[in-house]
Amino acid sequence: MTLVTTIGSIADRINKNSYRNETDVREAIVNRVLHELGGDIYDPLAVRREYTVDKRRVDYALFTSTSAAAVFIEVKAPNSADDGDRQLFEYAFHQGTPFAVLVNGREWSFYLPAEQGNYSERRVQKLDLLERDPTDSARVLERYLKFDRVRDGSAHSDARADYQSAARQREAEKTIPRAWQDLISQPDELLIDLIAEKVVSLIGFRPTDEQIEAFLLAPSAATARSFPAEPAVPFRRVEHSPETTKPLGSRKVSFEFLGQKYKEQDAISALIFVLQNLAKRDSGFLDRFAKQAPGRTRNHIAKTRSEVYPGKPELETYTTEIVPGWWLGTNISNRDKDRLAKIACDVCGLKFGKDLIIEFPNATA
């Protein structure tokens with residue numbers, strides 16, 4: 001009889017409530033399974049029954065040498081809960097046994113007592129013989145309890161690998177909320193583009209990056225919010241001059257550039273002013289700047305409109321020719337404007353915060 005056949009037979013009898021007590025589980029289930037796994041249950045050097053541990057007894061101790069048990073197996077009555085795990089762990093701790101199994105006939109729980117976490121976190125596998133097909137159940141039992149695998153250490157190595165994998169998954173699950181908070185507190189270009197593209201698919205036009213940032217930086221990014229649609233910055237060459245006296249709107253940006261004070265109607269106009277003036281001072285500036293300024297999904301600045309948003313011609317409307325032959329993507333967040341201004345200063349040897357003093361709204365939120 002094979003292990004798969006044996007498990008099928010056991011499962012059938014479990015369904016018929018044939019196993020009445022703990023003795024039935026030991027004699028009619030565990031003994032049969034251990035035998036099919038290659039264990040000589042009649043060899044006391046390999047399988048010791050009622051093994052004494054600090055004046056108490058564990059149902060089975062599996063040995064690969066005469067020095068110490070490699071596996072403890074504790075048997076409970078049919079359908080009993082995992083109330084034996086504390087007792088089983090105490091046995092294992094006293095002996096330094098690395099692997100422990102709790103069985104109530106239908107359910108087999110496999111533990112690494114020496115690892116970190118509570119009982120459930122140190123359980124590397126829980127096998128229910130009625131929920132899985134016999135082939136799958138046999139695969140699990142062979143992975144952890146096949147005698148030649150226990151003997152050469154591969155069973156324990158696989159159990160540790162499974163524990164570490166589960167621990168990583170638990171840690172990842174705990175960290176996802178923190179990662180999300182980090183993303184929305186400092187929205188990066190890829191996240192903004194993903195949201196923008198979804199909005200386009202829903203309503204047919206793109207929100208501004210500032211609108212998306214405002215949503216992500218709101219107290220609850222999960223709360224539905226309504227933001228008025230804003231038109232794209234039109235194609236234009238912007239001519240600027242020192243501080244003007246025209247009325248200023250709420251989005252106007254004041255800044256200092258090379259010792260002079262300026263005001264622009266919005267943040268993108270301020271960035272364009274800086275780039276245009278740096279280009280006037282240094283004919284090679286934009287070539288060097290373009291190499292340092294690409295984003296994750298766009299180029300920010302390029303010699304053609306199509307190169308700003310590669311493969312996305314529908315987004316070319318969000319570009320402006322700032323000097324002949326150079327196009328800037330205008331639908332960018334204030335965080336990106338701040339980053340580009342700093343790169344521009346580095347490229348031309350100016351000091352951000354001294355030669356250029358500018359604050360883009362919410363750029364460092």
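Because the model is predicted, local features are reported only where pLDDT is at least 70 and side-chain atom pairs only at pLDDT 80 or more, whereas totals for chains, interfaces and linings use all residues. Residues are numbered from 1 along each chain as its sequence is written, and side-chain values use heavy atoms, with hydrogens and water left out.

The secondary structure of the protein chain comes to 12 helices and 12 strands, where helices (H or I, at least four residues) and strands (E, at least two) are DSSP runs numbered from the N terminus. Of the 365 residues in the chain, 44% are buried; here buried means under 20% relative accessible area, exposed means over 50%, and partly exposed lies in between, as computed with a 1.4 Å probe on protein chains only. The accessible surface of the chain comes to about 18,900 Å², and 49% of this belongs to carbon and sulfur atoms; such areas come from the Shrake-Rupley method with a 1.4 Å probe, and for residues only the protein chains shown count as cover. Among the contacts (heavy atoms within 4.5 Å) with a separation of 6 or more, 52% are between residues 24 or more positions apart.

Side chains of opposite charge can pair when their charged atoms come close. A search of the whole structure finds 25 salt bridges, each defined as a side-chain nitrogen of Lys or Arg within 4 Å of a carboxyl oxygen of Asp or Glu. One of them joins the side chains of Arg160 and Glu115, with an N to O distance of 2.8 Å. This pair links distant parts of the chain, since Arg160 belongs to helix α6 (residues 154-185) and Glu115 to the loop between β5 (107-111) and β6 (123-128), 45 residues apart. Arg160 counts as partly exposed, at 32% relative accessibility, while Glu115 counts as buried, at 18%.

A salt bridge is also found between Glu121 and Arg170, at 4.0 Å from N to O. Glu121 lies in the loop between β5 and β6 and Arg170 in helix α6, so this pair ties together parts that are 49 residues apart in sequence. Both residues count as partly exposed, Glu121 with a relative accessible area of 21% and Arg170 with 24%.

In the salt bridge between Asp209 and Arg298, the N to O distance is 3.5 Å. Here the linked parts are 89 residues apart, with Asp209 in helix α8 (residues 209-216) and Arg298 in the loop between α10 (285-292) and β9 (301-302). Asp209 is buried at 0% relative accessibility, and Arg298 is buried at 2%. Elsewhere, a network of salt bridges links Arg143, Arg149, Asp158 and Asp162.

Helix α10 has Phe285, Leu286, Phe289 and Ala290 as its buried residues. These residues lie on the same side of α10 because they cover an arc of only 125 degrees around the axis, the arc being that of the directions from the helix axis to the C-beta atoms. On the other side of α10, Lys291 and Gln292 are exposed. The buried residues of α10 pack against α9 (267-281), β9, β10 (319-323), β11 (326-329) and α12 (334-348).

Aromatic rings of Phe, Tyr and Trp (its six-membered ring) are paired if their centres lie within 6.5 Å, and planes under 30 degrees apart count as stacked, over 60 as edge-to-face and the rest as tilted. By this rule the count comes to 10 aromatic pairs. In one of them, Tyr51 and Phe72 have ring centres 6.0 Å apart and planes at 45 degrees, so the pair is tilted. Tyr51 lies in strand β1 (residues 47-53) and Phe72 in strand β3 (residues 69-75), so parts 21 residues apart in sequence are tied together; Tyr51 and Phe72 are both buried. Ring pairs also link Phe255, Phe257, Tyr262 and Phe273 into a cluster.

On the surface, Leu202, Ile203 and Phe205 form a nonpolar patch with about 330 Å² of accessible area together. Patches are made of residues with over 30% relative accessible area and no salt bridge, like charges being joined within 9 Å and nonpolar side chains (Val, Leu, Ile, Met, Phe, Trp, Tyr) within 5 Å. Ile203 is placed in helix α7 (residues 189-203) and counts as partly exposed, at 48% relative accessibility.
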